[in-house]
Amino acid sequence: MSYRLKLLAAATFLAYSTLSQAADIKIGVAEALTGPAAKYGVAIKNGFTLAADQINAKGGVNGNKIQLVAEDEQGKKEEAINVFKKLLFQEKVLMIFGPTLSNSAFAADPIANATKTVVFGTSNTADGITNMGPFTFRNSVMEADVLPVTTRAAVKQFNIKKVAILYGNDDAFTKSGYDVFKSALAEQKIPVTDTETYAKGDVDFKAQLTKIKASNPDAIVCSCLAEEAANIILQTRSLGMKQPFVGGNGFNSPKLFEIAKDAADNTLMGSPWSAENPSAANKSFMADYKAKFGSDPDQFAAQAFDAMHIVAEALKKVSLSGNLEKDRLALRDALPAVKIEGATGKFAFRRAAPKDGKEAGYDAQQDAIVNIAKGGKFVLLK
């Protein structure tokens, strides 16, 4: 072979290699991998990793491998903004999963919408998340869809006539949960004997709980994240209070039982996922997760796992061009039609209602499951 032909062959190989490498699908993962929210963020990242590895082992999507680019947003709004900018402008990812908390999503999601890039929340359940723009998606079921179902189940299970409420008033997720609980209880004509609040980082809740005790409710409704909820439950029991708790999916973490143990028994919690779901998809997910990470998955790992498969289904309908702006838009256009049956059951998207004249994104269309804590774990409420 002549020197010129060798050069041409080498150039062709280099161009092909570069093209092949460019065909890797870079997907950003912005989650809280350290800090208080890491109890959710690490499980979420694990869910994405498991799904991406499975998809890649089967040849990827249309022959293209998924490459996860993970960044730690620490559960902080300012870090979420920095991480989004890095993923969008430096890493040039096709889309972003995350962030972990609704507070961070309200801060960072507008950046993705401004660059016309899909941002996909798997743990953001606060009201208004998808009103930030048409590129915001989530498969985390809104508290507005879950909590009314949970309160109705609690009223029936415990013959509740009146409740007290305790919630975190400086977090978008817990504040939104409180708003939904308040509305649901009013609609169901359940009186509220007392409403108390706390701030993020608080560890002593006895002043609030003493007031709640004096109001003598039949149950305590708590819009809280798992660690605070566990400490609240323990302190309630130390005051001799035996009332059951009613919570949202912030309770759905092993952290609740690590701290509260069986003091959390009879806590009711609504969620789109249950470890007791006997479907083949869920059983397979749970077994694969435990084999890979050496621990049982939670709701947040399950939702992340399903989200990765939702995106993969959409990408099957996309012919990637290498033009990032065009490919980001193509993914956004393909996502709304995806329907799957995954670890969390049957899933589809529904368009969020526009607000203030702004085009909205897409929420989860999925049924809630009510669970009850028994013996240090959540089981299906029969």
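Colleague: Why is Asn282 called buried?

Modeller: The model is a predicted one, and in it Asn282 has a relative accessible area of 0%; because buried means under 20%, Asn282 counts as buried. The residue belongs to helix α10, residues 280-293, and, leaving aside residues up to four places away in sequence, Asn282 touches Trp273, Ser274, Ala275, Asn277 and Ala343.

Colleague: What makes the pairing of Asn282 with Trp273 a polar contact?

Modeller: Their side chains are joined at 2.7 Å, and the cut-off for a pair of N or O atoms is within 3.5 Å, so the pair qualifies as a polar contact.

Colleague: How do you know that α11 is mostly covered, and what caps its N-terminal end?

Modeller: Of the 17 residues in α11, 15 are buried, each therefore being under 20% relative accessible area. The cap is Asp298, with a side-chain oxygen 3.0 Å from the backbone nitrogen of Phe300. Helix α11, residues 299-315, reaches 24 Å from its first C-alpha to its last, close to the 24 Å expected at 1.5 Å a residue.

Colleague: Why are β1 and β2 said to pair?

Modeller: Seven bridges join strand β1, residues 25-31, to strand β2, residues 66-72, and since pairing requires at least two bridges, the two strands, which run parallel, are a pair.

Methods:
Residues numbered from 1 in each chain as written. Predicted model: local features only at pLDDT ≥ 70, side-chain atom pairs only at ≥ 80, totals over all residues. Heavy atoms only, no water. Helix = DSSP H or I, 4+ residues; strand = E, 2+ residues; numbered from the N terminus. Buried < 20%, exposed > 50% of the residue type's maximum accessible area, 1.4 Å probe, protein only. Polar contact = N/O pair within 3.5 Å; in protein donor to acceptor, adjacent residues only side chain to side chain. Contact = heavy atoms within 4.5 Å. Expected span 1.5 Å × (residues − 1).
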